[in-house]
Amino acid sequence: MKLHTELSYDAPPADVFAMLSDPAFREKVAEAQHAVTYAVTTDVAGAGLTVRVETEQNTSGLPSIAKKFVGETTTAILTETWKDGSGGDVDISAPGKPTKITGTVTLREAGSGTVQSVDLDAKVKVPLIGGKLEQLLVDSLEQGYAKEHEVGTSWLAGRR
């Protein structure tokens with residue numbers, strides 16, 4: 001199942017990339033997403049960047065069909081591998097779960113601001129109900145990116 005979302009920021013791409021590169025920003029996002037635990041690492045290599053965010057989330061709000069597969073909490077590992085400040089690859093894994101999420105993230109100038117585009121393909125390999133679980137997963141990802149946008153908007157406003 002495909003996910004496409006665009007997050008608009010009132011800041012130039014360099015500022016948005018700097019925010020996305022900052023471990024403190026990623027920690028604020030994890031806190032806003034109510035992560036039970038989280039760990040953030042960033043590795044800058046030339047113009048590129050690798051960000052790894054491992055979170056443990058409570059699954060209390062999920063339907064019982066999903067909780068049957070994920071349990072009371074679930075771990076997600078987000079890895080973004082940026083070739084430079086314009087974009088890169090996204091991989092989200094859930095250790096021990098039959099899910100695979102891959103895609104891209106890009107930043108582009110839009111007037112005096114920036115649009116961050118995220119395109120993901122989510123797959124859940126569970127017979128018969130995989131499609132329902134994929135929809136739940138995509139809905140959860142959309143909520144997560146909406147929370148990231150909320151934190152990012154505030155973050156950028158505070159940096160000026």
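This is a predicted model: local features need pLDDT of at least 70, side-chain atom pairs count only at pLDDT 80 or more; totals for chains, interfaces and linings use all residues.
Local features need pLDDT of at least 70 and side-chain atom pairs count only at pLDDT 80 or more, while totals for chains, interfaces and linings use all residues. Residues are numbered from 1 along each chain as its sequence is written, and side-chain values use heavy atoms, with hydrogens and water left out.

**Helix packing**

Helices (H or I, at least four residues) and strands (E, at least two) are DSSP runs, numbered from the N terminus. Axes are lines fitted to C-alpha atoms, for helices over the stretch in contact, and angles run from 0 to 180 degrees between N-to-C directions.

Helix α2 (residues 23–32) and helix α4 (residues 130–158) have axes that come within 9 Å and cross at roughly 130 degrees. α2 and α4 are therefore oblique to each other; angles under 35 degrees count as roughly parallel, over 145 as roughly antiparallel, 65 to 115 as roughly perpendicular and the rest as oblique. The crossing of α2 and α4 is right-handed, a term used if the near helix is turned clockwise from the far one by less than a right angle, with anticlockwise being left-handed. On the α2 side the contact (heavy atoms within 4.5 Å) is made by A24, F25, K28, V29 and A32, and on the α4 side by K147, E148, V151, G152 and W155. By class, this contact of α2 with α4 has 6 nonpolar, 1 polar and 3 charged residues. Here Ala, Val, Leu, Ile, Met, Phe, Trp, Tyr, Cys and Pro count as nonpolar, Asp, Glu, Lys and Arg as charged, and the others, Gly among them, as polar.

Helix α1 (residues 13–21) also packs with α4, at an angle of about 115 degrees and with the axes 11 Å apart. The crossing of α1 and α4 is right-handed. D15, V16, M19 and L20 of α1 meet E148, G152, W155 and L156 of α4. That contact of α1 with α4 has 5 nonpolar, 1 polar and 2 charged residues.

**Aromatic pair**

A search of the whole structure finds 2 aromatic pairs. Rings of Phe, Tyr and Trp (its six-membered ring) pair if their centres lie within 6.5 Å; planes under 30 degrees apart count as stacked, over 60 as edge-to-face and the rest as tilted. The ring centres of F25 and W155 are 5.6 Å apart and the planes stand at 70 degrees, so the pair is edge-to-face. The pair links distant parts of the chain, with F25 in helix α2 and W155 in helix α4, 130 residues apart.

**Accessibility**

Buried means under 20% relative accessible area, exposed over 50%, and partly exposed in between (1.4 Å probe, protein chains only).

| Residue | Relative accessible area | Class |
|---|---|---|
| F25 | 0% | buried |
| W155 | 13% | buried |
| L7 | 4% | buried |
| K100 | 46% | partly exposed |
| H34 | 63% | exposed |

**Single residues**

L7 is placed in strand β1 (residues 2–9). Leaving out residues up to four places away in sequence, L7 touches T114, V115, Q116, Y145, E148 and H149. From C-alpha to C-alpha, L7 and A32 are 17 Å apart in space, and 25 residues apart in sequence.

K100 lies in strand β6 (residues 99–110). With residues up to four places away in sequence not counted, K100 touches I92, D121, A122 and K123. The C-alpha atoms of K100 and E134 are separated by 9.9 Å, the two residues being 34 residues apart along the chain.

H34 is found in the loop between α2 and β2 (37–45). Most residues other than glycine have a negative phi. The phi of H34 is near 60 degrees, a positive value in a residue other than glycine.
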